[in-house]
2 protein chains.
Amino acid sequence: MQRISLSTATVPAPLLVTGSIAYDDIETPRGNGENLLGGSASYASIAASYFTDVHIVGVVGTDFRGGDRTRLSARGIAMDGLHQDCSGQTFHWRGKYHENYNQRDTLDVSPGVFSGFLPTLPPACRTIPYVLLSNITPALQWHVLSQVQSPRFVLLDTMDLWIETAHADLLRILPRADILIVNDSEARSLGSDDNLIRAGQTLRQMGARAVIVKKGEHGALLFHPDGLFALPAHPVIELHDPTGAGDSFAGALAGTLAALQRTDFAACKLAMLYATALASLTVEAFSCDRLESAGIAEIEERASNIRQMIALD
Amino acid sequence: MQRISLSTATVPAPLLVTGSIAYDDIETPRGNGENLLGGSASYASIAASYFTDVHIVGVVGTDFRGGDRTRLSARGIAMDGLHQDCSGQTFHWRGKYHENYNQRDTLDVSPGVFSGFLPTLPPACRTIPYVLLSNITPALQWHVLSQVQSPRFVLLDTMDLWIETAHADLLRILPRADILIVNDSEARSLGSDDNLIRAGQTLRQMGARAVIVKKGEHGALLFHPDGLFALPAHPVIELHDPTGAGDSFAGALAGTLAALQRTDFAACKLAMLYATALASLTVEAFSCDRLESAGIAEIEERASNIRQMIALD
């Protein structure tokens, strides 16, 4: 497995990724796609696989295609935590992006085998030190995390739906997060403050050690115990399908930190650089297509572009 | 006049600032103010005065207060181009900011002596090498600029109103701009593209040598012949009155470049840093109050904060 080499001194630590594995039907102003491999864990695992060994924990149904299993394993992703449930179908999501991609509507959700999924982790997964709880219900995130023995680092992703419908569960898991990732409207909602700077600070007071607020085309902010860091987005000229951008961001972020075996302020900044680079790839095509087709050189080029975009001198 | 020292090798070049000088009535969620000194040239001149000698070109009416004249001259601003027209009142604007400052309504505009103002520049103003055309009608900007003999650098500010109502005039002056400043919605509108990156590129193709797109709390983008530069906003916790933020940004930007006597990519980036710092001060109080009360140390501290916010290592 070809990897981005971040450190010659450290062997990358493995990363556990849990979340959804889905088939998506997506309508966009630039075309439609059906039964596309999606879900937070799919995007996050593939993005992270550029940096370190990834173990995916999730569930698929009888309809899960062998070809999609191969797509994951081709990126070196360990499948010991991927459960195939023969009682039903894979999680299915249907959504539509409006003109200018300003708004997304969920047209249909069929949880399929995802309903009531409460995995028992295989022994090899229980000692993995870096954990990405990508976007699923906070209760399921808690269930997975509680089986990991003393994780060194936990990255927690979530979404507006859980802020609204699973608020107590989310508040319970928040103090377990070394980094919480939310977008700007989620930060304002969960932090109960329209001022994004205060909202980010509030989310840290609510228990997350650090917070990253994603702002789409405006980049991302990191609220860290050691300071505030702002990073622009990679300029996106050809937006095709924003689905999975945030999941790819989270995956690359966790993958970078696991590869570095560091979670300090500087490491988090570098991780955001790669997270931004991978997210910018994802939106250029449907599904994980661009993530998979990107090579090391292309990812490094995007990271370098962003470095140049923020260089003062 | 206490100044921020940007270069020991260069004597700052003087800066000509033209634009409006106004009295504003402003309603905000945090309080109201009446007959506040405002207008694009007032904010811009005071912001620029921290960096270099400023000559203001504009018009006021019989109601213009001696105290407000003193506020400008106390910042060392030369008044040889400030005309007092005894035939009427000073430009008056009344506006209201809604909850969360997301929207601003203009409730009333009384141009007063500003109607038909077509100044003849005093001789000393005609040879000033750095020119800031802060926000007024493009026709008036053209009228002033045409009297300046071979300016070395022209910064052009504008607003949505002129994009809609004086489009041809704006297109005519655009190729005279070394830097055009617009906000994000103006960039999309004038550049006829919802993608901000493409819109910025288009505005350069329309004639501006470089373009700065201001994005409020999300910072600003510089589209320069030598590359793209992104700078975050200074974190604003206490937003009181956004009026004049853009004008202060433009003033500090032009002032920095005049002080450096440089307009290359690196100089533009440094100028954006100070522009961002000054804009963040303006919004913390009504009128030019915070701009005036800020000391050199406070401005340098904000510039330093922004440097830290974007430092990768």
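Trainee: Let's start with A:His218. Is A:His218 buried or exposed?
Mentor: Buried, because its relative accessibility is 14% and the cut-off for buried is under 20%. Keep in mind that this is a predicted model.

Trainee: Where does A:His218 sit in chain A?
Mentor: In the loop between β11 (210-214) and β12 (220-224) of chain A.

Trainee: And what is A:His218 in contact with, leaving aside neighbours within four places in sequence?
Mentor: Five residues to look at: A:Leu231, A:Pro232, A:Ala233, B:Lys215 and B:His218. Note that B:Lys215 and B:His218 belong to chain B.

Trainee: Before we go on, what confidence does the predictor give?
Mentor: The complex gets an ipTM of 0.92 and a pTM of 0.95. For chain A, the mean pLDDT is 96, and 100% of its residues reach 70 or more.

Trainee: OK, the interface. How many residues of chain A are in contact with chain B?
Mentor: 30 residues of chain A, and they meet 30 residues of chain B.

Trainee: How much area do the two chains bury between them?
Mentor: About 2,500 Å², with 55% of it on carbon and sulfur atoms.

Trainee: What about polar contacts between chain A and chain B?
Mentor: The count is 10 residue pairs, both partners at pLDDT 80 or more.

Trainee: Which elements give two or more residues to the side of chain A that touches chain B?
Mentor: α7 (196-205), β13 (227-231), α9 (265-282) and α11 (296-310) of chain A. The residues on that side divide into 16 nonpolar, 5 polar and 9 charged.

Trainee: How many salt bridges cross the interface?
Mentor: The rule finds 2 between chain A and chain B. One joins the side chains of A:Glu217 and B:Arg188, at 2.8 Å from N to O. B:Glu217 also bridges to A:Arg188, with the closest N and O atoms 2.7 Å apart.

Trainee: Where are the two ends of that B:Glu217 pair?
Mentor: B:Glu217 is in the loop between β11 (210-214) and β12 (220-224) of chain B. A:Arg188 is in helix α6 (residues 184-190) of chain A. B:Glu217 counts as partly exposed, because its relative accessible area is 45%.

Trainee: And how many salt bridges over all chains?
Mentor: A search of the whole structure finds 24.

Trainee: Are A:Glu284 and A:Arg302 buried or exposed?
Mentor: Both are buried.

Trainee: Which residues are linked in a network of salt bridges?
Mentor: A:Arg65, A:Asp68, A:Arg71, A:Asp289 and A:Glu292.

Trainee: New topic. How many residues of helix α1 of chain A are buried?
Mentor: 9 of its 9, across residues 40-48. Among them are A:Tyr43 and A:Ile46, along with A:Ser40, A:Ser42 and A:Ser45.

Trainee: Now backbone angles. What is the phi of A:Ser192?
Mentor: Positive, about 50°, although A:Ser192 is not a glycine. Most residues other than glycine have a negative phi. A:Ser192 is in the loop between α6 and α7 of chain A. A:Ser192 is exposed, because its relative accessible area is 64%.

Trainee: What about B:Asn35?
Mentor: Its phi is near 50°, again a positive value in a residue other than glycine. B:Asn35 is in strand β3 (residues 31-38) of chain B and is partly exposed, at 33%.

Trainee: Last one. Where is A:Ser146?
Mentor: In the loop between α3 (138-145) and β9 (153-157) of chain A. A:Ser146 is partly exposed, with a relative accessible area of 48%.

Trainee: What does the side chain of A:Ser146 reach?
Mentor: The backbone oxygen of A:His143, at 2.8 Å.

Definitions and conventions:
Residues are numbered from 1 along each chain as its sequence is written. Chains are lettered from A and ligands numbered from 1 in the order in which they are written. Side-chain values use heavy atoms; hydrogens and water are left out. pLDDT is the predictor's confidence in each residue, from 0 to 100. Helices (H or I, at least four residues) and strands (E, at least two) are DSSP runs, numbered from the N terminus. Buried means under 20% relative accessible area, exposed over 50%, partly exposed in between (1.4 Å probe, protein chains only). Contact means heavy atoms within 4.5 Å. Buried area is the accessible area (1.4 Å probe) that two parts lose on being put together, summed over both. A salt bridge is a side-chain nitrogen of Lys or Arg within 4 Å of a carboxyl oxygen of Asp or Glu. A polar contact is a pair of N or O atoms within 3.5 Å; within protein, one must be able to donate a hydrogen and the other to accept it, and residues adjacent in sequence count only if both atoms are side-chain atoms. Ala, Val, Leu, Ile, Met, Phe, Trp, Tyr, Cys and Pro count as nonpolar, Asp, Glu, Lys and Arg as charged, and the others, Gly among them, as polar.
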